[in-house]
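Let's take a walk through a structure together, one stop at a time. Have the sequence and the 3D view ready.

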Amino acid sequence: MRVVLVGPPGAGKGTQAQFIASHLAIPTISTGEIFRFNVSTGTELGRVAKAYMDRGDLVPDEVTIAMVAGRLQEDDAQAGFLLDGFPRNVPQAETLKKMLADWGTKLDLVLELVVDDDEVVRRLSGRRTCRRCGRVWHVLFDPPSRSEHCDDCGGELFQRDDDREETIRHRLEVYQQQTQPLITFYADEGILLGVDATGPVEEITDRALSALRRFIR
Ligand code: ADP
Ligand code: AMP
């Protein structure tokens, strides 16, 4: 299956992606994670992306699209993928559609995680990420047993630079202006499914998977 997860920053895309992708036995491709990996390993791509990410702006389309095109051509993505954080505007969505059509395929489904802005701010302001394995925690909603360390791998937890309050507000504006139009784009294509993304993580996964099963039946 070829699936896109869309929703505001902090909607829980990364959290849900791991469970949904493992159920469907497909890889998750998170553009934010690929950018952060390039920033932390000091590549040229990371250097270019960092300035945009720190401001909460989108990295330019030509950079992002070239990176995704390369990743989608890797072996593990041939039988399907779950995209988290891409596309993030209509030009990216149009390019993805064309790219997949050139390869004789198309998206099956776009899952929209629906949460309001106040919940997004609560989630992002308490988010902590493991430096070693990338696992995401929350200081209140999903706290690790030792506050500065990951329960899964013992790695050090950090707060993302773009999870500061003023950057969060800007990222929400960017979402509304640039990413929200994708909802209409994919609704018009007949492949959009909205999922209530409030409540316990497992319940949201169940909702997403049952919506998916109904859709592909
Ligand atoms: P996104 O990938 O959409 O930016 P994340 O998956 O990183 O969002 O989640 C943002 C924050 O919200 C993380 O700290 C995560 O632990 C927390 N979170 C995710 N899902 C839920 C939920 N259902 N209820 C409460 N907190 C959640
Ligand atoms: P995320 O981890 O999805 O919250 O993304 C973190 C940051 O990476 C965003 O605020 C952008 O600066 C950048 N980014 C991630 N995905 C994209 C994309 N599809 N297009 C442009 N920039 C992106």
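Start at Phe-185, which in this predicted model has a relative accessibility of 16%. The cut-off for buried is under 20%, so Phe-185 counts as buried. Now check Tyr-186: its relative accessibility is 2%, so Tyr-186 counts as buried too.

These residues also have something going on between them. The structure holds one aromatic pair, and Phe-185 and Tyr-186 are the ones that form it. Their ring centres sit 5.0 Å apart, and the planes make an angle of 90°, an edge-to-face arrangement.

Look for Arg-131, which lies over the face of Phe-158, 4.5 Å from the ring centre. Then hop to Trp-137: here Arg-135 lies over the face of the ring, at 3.7 Å from its centre.

Time to zoom out to helices. As for handedness, α1 passes α9 in a right-handed crossing.

Which residues make the contact between α1 and α9? On the α1 side, you'll find Thr-15, Gln-16, Phe-19, Ile-20, His-23 and Leu-24. From α9 come Val-201, Ile-204, Thr-205, Ala-208, Leu-209, Leu-212 and Arg-213.

Terms used: Residues numbered from 1 in each chain as written. Chains lettered and ligands numbered in written order. Predicted model: local features only at pLDDT ≥ 70, side-chain atom pairs only at ≥ 80, totals over all residues. Heavy atoms only, no water. Phe/Tyr/Trp six-rings, centres within 6.5 Å; stacked < 30°, edge-to-face > 60°. Buried < 20%, exposed > 50% of the residue type's maximum accessible area, 1.4 Å probe, protein only. Lys NZ or Arg CZ within 6 Å of the ring centre and 35° of its normal. Left-handed = near helix turned anticlockwise from the far one by under 90°. Helix = DSSP H or I, 4+ residues; strand = E, 2+ residues; numbered from the N terminus. Contact = heavy atoms within 4.5 Å.
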